[in-house]
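I record what I looked up and what I found.

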Amino acid sequence: MGRGIRSVTAGVDGSRAGQDAAAWAAREARRRGLPLRLLYAGADLVLERAAEELACAYPHVEVIGTRAREPAVEALLAAAAGTELLALGTRGFTGFAGFPVGSVALAVAARAPCPVVLVRSGERPEDEREPVPGTPPGEAPYLPVVLGVDLERPAGALAGHALRAAAARSATLRVVHTWTLPYPDQDAPAGLVSLAETAAEEDIRKRLLAAWLRPWQRGFPRAAVEIEVVLGRPVQQLLRSCTRAGLLVIGRRSGPGRGLGGVAHSLLHHAACPVAVVPHG
């Protein structure tokens with residue numbers, strides 16, 4: 001597939017985890033109205049079987065198989081330069097020899113020029129939807145999309161990706177920002193902060209978030225957005241927020257020498273839903 005053709009790409013390796021990630025990518029391709037590109041380094045038979053299984057399960061999605069000849073990370077990074085989104089499984093990614101399980105996905109998420117979605121093994125279509133008694137899973141409303149935002153380094157790429165994901169699902173976008181109290185001054189009385197001061201600080205941060213989001217929301221006027229400002233550490237609060245979410249969106253700084261930070265690593269290992277890592281300047 002040429003670089004000028006928009007697509008969603010998934011790396012497959014013959015494992016169940018890789019196929020689950022490819023199935024998630026097929027659903028995302030259907031939501032976006034794009035073809036799905038499968039990338040595999042290995043025997044053609046595995047690629048053909050993966051493509052046939054997905055074409056049968058998602059007949060309205062064009063599935064195109066591509067056999068890579070480069071090593072895993074290089075092949076996936078090259079594919080990422082010509083796709084809108086790259087999906088990878090977080091377990092069992094062993095089709096590319098020489099890489100321990102998980103290292104390929106983490107290496108690509110740290111360097112890819114496009115958003116990379118890491119999908120846990122066992123992810124099912126119904127996992128991204130609200131359980132509604134009497135409603136078929138495929139017709140139930142989607143769970144919210146959660147966006148983690150650092151107000152010190154907000155990025156438009158994050159807002160755009162999260163809003164588009166939420167709009168494609170007709171889902172609520174829940175914007176979560178965490179903050180912590182500053183270290184108390186030596187003369188402060190035990191460093192205590194009143195509830196009124198905490199509420200005032202959170203109100204200021206909500207206003208800043210709303211102002212940051214406003215220009216991006218114009219492109220998605222029907223998207224429902226909720227802003228949540230929480231006192232606490234980002235990992236714990238975002239993990240809590242995504243326990244009932246269909247997708248968690250986080251950012252990483254792009255550029256030479258940059259990669260995944262400690263917060264991103266923790267979320268990728270422990271989040272209960274797929275995690276989209278979006279590069280930004």
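The entries below run from the whole chain to single residues.

**Entry 1: ground rules.** I am working with a predicted model, in which local features need pLDDT of at least 70 and side-chain atom pairs count only at pLDDT 80 or more, while totals for chains, interfaces and linings use all residues. Residues are numbered from 1 along each chain as its sequence is written, and side-chain values use heavy atoms, with hydrogens and water left out.

**Entry 2: the whole chain.** I counted eight helices and ten strands in the chain. These are DSSP runs numbered from the N terminus, with helices being H or I of at least four residues and strands being E of at least two. Of the 281 residues, 49% count as buried. Buried means under 20% relative accessible area, exposed means over 50%, and partly exposed lies in between (1.4 Å probe, protein chains only). I then looked up contacts, meaning heavy atoms within 4.5 Å. Among contacts with a separation of 6 or more, 77% join residues 24 or more positions apart.

**Entry 3: helix 1 and helix 5.** Two packed helices are described by the angle between their axes and the distance between the axes. For helix 1 (residues 16-32) and helix 5 (residues 156-169), I noted an angle of about 85 degrees and axes 9 Å apart. Axes are lines fitted to C-alpha atoms, for helices over the stretch in contact, and angles run from 0 to 180 degrees between N-to-C directions. Helix 1 and helix 5 are therefore roughly perpendicular to each other, a term for angles of 65 to 115 degrees. On the helix 1 side I listed Trp-24, Glu-28, Arg-31 and Arg-32, which meet His-161, Arg-164, Ala-168 and Arg-169 of helix 5. By class, this contact has two nonpolar, one polar and five charged residues. Ala, Val, Leu, Ile, Met, Phe, Trp, Tyr, Cys and Pro count as nonpolar, Asp, Glu, Lys and Arg as charged, and the others, Gly among them, as polar.

**Entry 4: Ser-170.** Most residues other than glycine have a negative phi. Ser-170 is not a glycine, yet I found a positive phi of about 55 degrees for it. Ser-170 lies in the loop between helix 5 and strand 7 and is exposed, with a relative accessible area of 71%.

**Entry 5: buried sides of two helices.** In helix 4 (residues 103-111), I recorded Val-104, Ala-105, Val-108, Ala-109 and Ala-110 as buried. Their cover includes helix 3, strand 4, strand 5, strand 9 and strand 10. In helix 7, the buried residues are Val-235, Gln-237, Leu-238 and Ser-241. These pack against strand 6, strand 7, strand 8, strand 9 and helix 8.

**Entry 6: the largest pocket.** How much space lies in the largest pocket? I noted about 700 Å³. A pocket is an open set of points on a 1 Å grid over the protein atoms alone, where a 1.4 Å probe fits, with protein on both sides within 12 Å along at least five of seven lines; lining residues have an atom within 4 Å of a point. Grid points are joined across faces, edges and corners, and the volume is the space filled by probe spheres set on them. Of the 27 lining residues, Val-149, Asp-150, Arg-153, Pro-234 and Val-263 lie nearest the centre. Strand 7, helix 7, strand 9 and helix 8 each give two or more residues to the lining. The lining has twelve nonpolar, nine polar and six charged residues.

**Entry 7: Arg-37.** Arg-37 lies in strand 2 (residues 36-40) and counts as buried at 13% relative accessibility.

Note on methods
Angles under 35 degrees count as roughly parallel, over 145 as roughly antiparallel, 65 to 115 as roughly perpendicular and the rest as oblique.
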